[in-house]
Amino acid sequence: MKMRASKLLLLVPVTLLVVFFYVPLLSILQTGLWDNGPTLKFLTSVFSNPYHRRVIGFTIAQALASTGLTLLVGLPGAYIFAKYDFPGKRLIKAILTVPFVMPSVMVALGFILLFGRGGFVYDLIGRDPGIIYSWKGILLAHAFYNFPIVVRMVSALWQRVNPHYEEMAMTLGARGFTLFRKVTLPLISPAIFASAMLTFVFCFLSFSIPLIIGGYQYATIEVDIFTSIMTLLDFRTGAALAVIQIALSLIFMYIYLRSLDAYARREEQRILQRPKKLSISDFKGLKGALMLLYAAFVMLFIVAPLLAVVYDSLHFNGAWSLENYRRIFSAEYNPMFGATTLDAIMNSLTFGFATVILSLIIAVPLAYALHRWNFRGKRVLDVLATLPLASSAITLGLGYIKVFSGTPLYYTPWILIAAYTIIAYPFVLRAVSASLKKIKPNLWEAALTLGAKDWKAFVKVELPLALGGLIVGAIFAFAMSIAELGATYMLAKPEYTTMTLAVYKFLGARQFGSASALAVLLMAISTAGFILIERTGEEVW
């Protein structure tokens with residue numbers, strides 16, 4: 001009976017995953033590895049091409065360098081948030097988390113306004129800083145994008161380090177860096193490694209940032225796939241590149257999941273340090289000077305691109321004005337065909353809410369099964385359920401074109417909603433699973449002794465206690481759906497243009513002020529969502 005119930009429970013999410021992720025994935029594998037029978041000639045053709053080899057090498061190299069820079073930027077922030085309490089801490093943490101779900105095209109816009117020719121830094125120093133259209137710009141933008149992952153994951157575990165370990169080491173004479181290296185670092189290393197692996201995967205799969213900030217000279221595998229399919233119409237080469245990307249992503253995601261297990265076990269510690277109140281005296285000496293220097297650095301490279309977009313949206317012809325906001329709603333300056341800015345906003349909100357519902361339908365039953373049941377193949381199910389996290393929007397878009405282009409579904413908004421759901425639901429799954437792990441098992445056992453069935457005990461007892469995780473997952477799903485660009489660009493009909501795609505089209509029309517104005521609306525929605533996340537106190541990573 002329980003096995004029959006479990007099958008029925010998992011039928012809907014498994015069916016949706018198979019249809020909208022694994023079938024398109026298999027279609028890509030078939031295109032890249034099949035030609036009247038199994039073949040490696042398309043892969044051989046890619047590896048024998050010097051350009052494609054350089055692209056693959058650069059993709060891995062920039063992901064490694066971006067990860068290193070992100071750790072360098074994020075670890076001091078993790079220390080400050082774990083060790084100190086100060087006014088506005090939750091708001092600041094929410095604002096610093098916003099970049100993670102910002103549309104990548106908006107990140108590119110912020111960096112162009114800040115570091116590009118004629119940008120703020122250019123005006124300040126009188127010359128081009130050489131960041132835009134270079135590998136340096138890609139690394140900085142990736143650090144900006146993924147900085148919140150390191151801060152949140154590492155600070156969450158750092159707060160749970162048992163202070164007695166450090167106190168005992170100090171009685172034995174350990175101080176300063178020696179104390180950190182010998183005691184603290186081994187205790188927080190699972191969080192550092194897990195956040196580094198997740199950052200690496202996201203940088204490896206990055207699309208818009210290398211395309212816009214790096215240009216074709218610094219193309220990644222994702223950009224190469226997009227160019228092969230959308231520009232050259234070479235589906236075989238695009239599919240072969242996608243096969244290589246999928247294979248590498250699987251390896252990296254497996255390492256991440258293994259590191260996540262160690263992180264989760266360490267995070268289960270019930271000890272939570274009380275942060276110290278930050279006072280003026282804490283800024284005296286070398287430590288205080290380094291904290292102030294770090295705050296200035298964060299303001300320049302993390303907050304400044306966001307402020308640059310806001311500033312640009314409020315300026316027109318060198319004066320403060322709301323003209324850019326008027327223009328985004330004016331038909332006279334509309335660069336889109338078949339849609340207006342108001343249509344794009346309504347599409348984003350509608351698609352976002354639909355993505356939340358579908359993500360919860362997939363994630364909640366899977367989280368319940370993985371949390372409550374023990375069965376053969378449980379670890380395999382966990383990996384298969386998390387695998388979409390290692391897939392890219394461009395690869396997913398290619399799979400949808402191959403599978404659904406001849407079906408009625410392809411010409412409806414549901415094809416976009418399905419893609420958004422596949423991209424977003426792994427975050428919902430992780431958020432709900434993390435909340436369920438925090439619930440004491442004796443509550444569920446007590447419900448069973450009172451006659452409740454497994455599923456009823458989950459719905460009546462555990463699910464309400466995991467409400468924080470549901471809210472966090474839902475906010476993430478919504479924010480990521482309205483921020484998505486790659487799959488939207490490949491699949492959306494003109495009338496289904498979203499806010500992110502509209503920003504891209506305003507940029508293409510060289511209407512930077514209007515692009516900034518619309519990007520600010522996106523930023524406001526994301527910021528509001530992450531303020532709610534901070535109020536729940538839950539983590540998604």
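## Exercises on a predicted model

T341 touches I328, F329, M336, F506 and L518, leaving aside residues up to four places away in sequence; a contact means heavy atoms within 4.5 Å. The model is predicted, so local features need pLDDT of at least 70, side-chain atom pairs count only at pLDDT 80 or more, and totals for chains, interfaces and linings use all residues. Residues are numbered from 1 along each chain as its sequence is written, and side-chain values use heavy atoms, with hydrogens and water left out.

**Exercise 1. Describe how α15 packs against α23.**

Step 1. Helix α15 (residues 341-372) and helix α23 (residues 499-508) have axes 8 Å apart and pack at an angle of about 145°. Axes are lines fitted to C-alpha atoms, for helices over the stretch in contact, and angles run from 0 to 180 degrees between N-to-C directions.

Step 2. On the α15 side the residues are T341, A344, I345 and S348, which meet M499, A502 and F506 of α23.

Step 3. Sorted by class, this contact has 5 nonpolar, 2 polar and no charged residues. Ala, Val, Leu, Ile, Met, Phe, Trp, Tyr, Cys and Pro count as nonpolar, Asp, Glu, Lys and Arg as charged, and the others, Gly among them, as polar.

**Exercise 2. Find which residues make the nonpolar surface patch, and which helix gives the most to the patch.**

Step 1. L8, L11, V12, I357 and I361 make a patch of about 460 Å². Patches are made of residues with over 30% relative accessible area and no salt bridge; like charges are joined within 9 Å, nonpolar side chains (Val, Leu, Ile, Met, Phe, Trp, Tyr) within 5 Å. Accessible areas come from the Shrake-Rupley method with a 1.4 Å probe; for residues, only the protein chains shown count as cover.

Step 2. α1 (2-33) and α15 each supply at least two of the patch residues. α1 gives the most, with 3 residues.

Step 3. L8 is found in α1, and at 57% relative accessibility L8 counts as exposed.

**Exercise 3. Trace the salt bridges of E323.**

Step 1. A salt bridge is a side-chain nitrogen of Lys or Arg within 4 Å of a carboxyl oxygen of Asp or Glu. The structure holds 5 salt bridges.

Step 2. E323 pairs with R326 at 2.7 Å, N to O, and with R327 at 3.0 Å, N to O.

Step 3. R326 and E323 both lie in helix α14 (residues 323-328), 3 residues apart, about one turn of the helix. E323 and R327 are 4 residues apart in α14, so about one helical turn separates them.

Step 4. E323 counts as buried at 17% relative accessibility, while R326 is partly exposed at 43%.

Notes:
Buried means under 20% relative accessible area, exposed over 50%, partly exposed in between (1.4 Å probe, protein chains only).
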